[in-house]
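Thanks for making the time this morning.

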Amino acid sequence: MERKIKRKVFLGFIYIHILHHAKEAPIYGSWMINELEAHGYHMSPGTLYPIFHTMEEEDLLKSEHRTINGKQRKYYTITVSGETFLTETKQKLNELINEV
């Protein structure tokens, strides 16, 4: 039971982390996997890309294809809805941190 709850909480942290970086600059999958790994999250492309797709369907991210060194790469940036969601989530997170 504890592991399921922990997974859900950490998944929320991952969403926030993705939005944070997508607000700073366009991100792509392998870069985000490395970034998350630097923070102790071990994630495969098979886990990350469905998260990206869900976030895009929810209008939190938008994507565009770019050709870099002859390779196609999909970049994600935050949407206006994503920025609003991130701001609201950070406020709620700060309230919780200050309370706990």
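This is a predicted model: local features need pLDDT of at least 70, side-chain atom pairs count only at pLDDT 80 or more; totals for chains, interfaces and linings use all residues.

H1 and H4 are oblique to each other, oblique being the class left over when angles under 35 degrees count as roughly parallel, over 145 as roughly antiparallel and 65 to 115 as roughly perpendicular. Residues are numbered from 1 along each chain as its sequence is written, and side-chain values use heavy atoms, with hydrogens and water left out.

As for the overall layout, the chain has 4 helices and 2 strands, in the order α-α-α-β-β-α along the sequence; these are DSSP runs numbered from the N terminus, helices being H or I of at least four residues and strands E of at least two. Taken along the principal axes, the C-alpha atoms fill a box of roughly 50 × 30 × 25 Å.

To return to the pair I opened with, the axes of H1 and helix H4 (residues 80-99) cross at roughly 125° and come within 10 Å, where axes are lines fitted to C-alpha atoms over the stretch in contact and angles run from 0 to 180 degrees between N-to-C directions. On the H1 side, Ile16, Leu19, His20 and Lys23 meet a set of H4 residues that includes Phe85, Leu86 and Leu93, contact meaning heavy atoms within 4.5 Å.

The other pair is helix H2 (residues 29-38) and helix H3 (residues 45-57), which pack at about 110° with their axes 10 Å apart. That angle makes H2 roughly perpendicular to H3. Gly29, Ser30, Met32, Ile33 and Leu36 in H2 meet Pro45, Leu48, Tyr49 and Phe52 in H3.

Finally, where does the largest share of the lining of the largest pocket come from? It comes from H1, with 6 residues, out of a lining of 13 in which Arg7, Phe10, Ile14, His42 and Met43 lie nearest the centre. A pocket here is an open set of points on a 1 Å grid over the protein atoms alone, where a 1.4 Å probe fits, with protein on both sides within 12 Å along at least five of seven lines, and lining residues have an atom within 4 Å of a point. H1 and H3 each supply at least two residues of that lining.
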